[in-house]
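Good morning, everyone. Please have the sequence and the model open while I talk.

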Amino acid sequence: MSTKRILIAVAVVVVLGAGVFFLVRRKADAAPAYRFVLVGRGDVVSVVTATGTLGAVRTVQVGTQVSGQIAELHADFNDHVKKGQLIARLDPTLLQQAVHSAQADLARARADVEQTSYLAAQAVALYQNHTVTQTEYQTAEYNAAVAKAGLASSQAALDRALQNLTYATIYSPVDGVVVERNVDVGQTVAASFSAPQLFLIAADLSKMQILVSVDESDIGQLKQGQPVTFTVQAYPNRTFTGTVSQVRMQSTTVQNVVNYTVVVNVPNPDGALLPSMTATVTVQAAKATNVLTVSDAALRFRPTAAMVAAVRARPGGAASDTAHRPIGGDSAQRVAISLGAAGAAGAAGAPGAANGGGEARTSGASAPRRSAGVATVWYVAANGQPAAAQVRTGLTNGQLTEISGPNVHEGMKIIAGVLSGGATDTTTATSPFQAQQQAGGRRPGGF
């Protein structure tokens, strides 16, 4: 008999335990579970990323002003040359012949001047004695003047021929490094319409520059003097530094995309950087130091209709947690009203969507509204109920955003998603409605 009573007692305990378990489980399932992110403190850096080409600050194209055959080359690729150093010589044969021809023409012109001057002097005396006519006298004077002009022209031709002869010897115009050599010995160059390029000399490769092509949407963030970091494919594990030296006003349009050129000065003391390398440039456009930060997922969070209704149902519409009292006193009520109208409409017809991470997009959530410098964040108050607060937003880097306000503090848990299936809170799960955002955001305006 005692055994029967024991069995009955055990059965009652089991039934009561099962009832309590299912009741607690049902309440746990009914309570929403959130994904939280923490408010941290640190630096936020807004950057602009683009690509550009390395080059020397100053390059000089060395050409020739006269045509001829290359007779000698005294410089090659990578040679260091000094200003005034002989680097090439053209065959001077034809140029020397031109000088001799000009000298002969000059001698003939001088003889003409002597002859016409003598005849002109004779004509003056004869004209005074009325021996020759006035026409003959004026003709003699004219011939003398023409001879003098011919002498001046012959002298100029000789000077030009002598100068062209000096052009056959080519010297370096600057100190630098030969980065291009475009001719070989025996090659004929023609300078009929433009001076052919023989060499390209970089004046100083210890100081280089990058010409960066920046999209018009980012150009407003760049200013002279901003720090720059960049990498090149030749040294993937090394980061180089530079400084923005110029933002050029001239634009280029390619397939309806407007770009501007930004000049970045780069030190190159060890000569590791070479001309024409492609650089991936990151410009530090702005920096906020030692500020409160929160993940952008929290600012993009869309509250459920139940969360909005819970805020609206409170007396005065404010959160009961006075430590997290929203800006403006009744701002939570205004947020709830503005979000509640759209939330109620969404709840009627927008189905939720879940992803593989266990999060679900709850119907009845309105699109996040981030006015200039203001955003709404959601958190769980001391009474366990969700509450909304407005914060001022500042600089963003596409992942973290600077926030401020009396209602936020370091370590505060901000709601970034609603978990489905009673999943536990996590800060690493992703939300299906988190929009993609490019790095390098701008600082919005204040209130």
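Let's start with strands. Strand β15 (residues 278-295) pairs with strand β20 (residues 400-404) in the antiparallel sense, over four bridges. Two terms first. Strands are DSSP runs of E with at least two residues, helices are runs of H or I with at least four residues, and both are numbered from the N terminus. Two strands pair if DSSP finds at least two bridges between them.

Now the ground rules. This is a predicted model, where local features need pLDDT of at least 70 and side-chain atom pairs count only at pLDDT 80 or more, while totals for chains, interfaces and linings use all residues. Residues are numbered from 1 along each chain as its sequence is written, and side-chain values use heavy atoms, with hydrogens and water left out.

Back to β20. Strand β19 (residues 386-396) is joined to β20 by three bridges, and the two run antiparallel. Thr393 stands opposite Ile403 in β20. How many residues lie between β19 and β20 in their hairpin? Three, and Gly398 in that turn has a positive phi of about 95°.

Strand β4 (residues 68-73) is joined to β9 by two bridges. Find Gln69: its bridge partner in β9 is Thr188.

The other open sheet also has four strands, in the order β3-β10-β8-β5, again antiparallel. Here the edges are β3 (59-63) and β5 (80-81), each pairing on one side only. Two bridges pair β5 with strand β8 (residues 176-181), in the antiparallel sense. Val81 has Gly176 in β8 as its bridge partner.

On to the helices. How far apart are the end C-alpha atoms of α2? They are 53 Å apart, and this agrees with the 52 Å that its 36 residues should span at 1.5 Å a residue. The expected span is 1.5 Å times one less than the number of residues. Helix α3 has 34 residues and reaches 50 Å from its first C-alpha to its last, close to the 50 Å expected.

Which residues of α2 are buried? They are Leu95, Val99, Ala102, Leu106, Ala109, Val113, Thr116, Ala120 and Ala123. Buried means under 20% relative accessible area, exposed means over 50%, and partly exposed is in between, using a 1.4 Å probe and protein chains only. In α3, the buried residues include Ala140, Ala144, Ala147, Ser154, Leu158 and Ala161. Look at the spacing as you read those names. An α-helix has 3.6 residues a turn, so residues three or four places apart point the same way.

What covers these residues? For α2, the cover includes α3. For α3, the cover includes α2. Just after α2, His130 takes a positive phi of about 60°.

Now the rings. Rings of Phe, Tyr and Trp (its six-membered ring) pair if their centres lie within 6.5 Å; planes under 30 degrees apart count as stacked, over 60 as edge-to-face and the rest as tilted. By this rule there are four aromatic pairs. One of them is Tyr127 with Tyr137, stacked, at 4.9 Å centre to centre and 15° between the planes. Tyr127 lies in helix α2 (residues 93-128) and Tyr137 in helix α3 (residues 134-167), so the pair ties together parts ten residues apart in sequence. Tyr127 is partly exposed at 31%, and Tyr137 is partly exposed at 23%.

Phe230 and Phe240 are a stacked pair too, with centres 5.4 Å apart and planes at 20°. Phe230 sits in strand β12 (residues 227-232) and Phe240 in strand β13 (residues 235-254). Phe230 is buried, at 1%, and Phe240 is buried, at 6%. Ring pairs link Phe230, Tyr235 and Phe240 into a cluster.

Last stop, the core. A nonpolar core is a set of buried Ala, Val, Leu, Ile, Met, Phe, Trp, Tyr and Cys residues joined through side-chain atoms within 4.5 Å. The largest one has 27 residues, and Ile210, Phe230 and Leu273 touch the most other members. Contact means heavy atoms within 4.5 Å. Beyond its neighbours within four places in sequence, Ile210 is in contact with residues including Gly52, Leu54, Phe230, Val264 and Val281.
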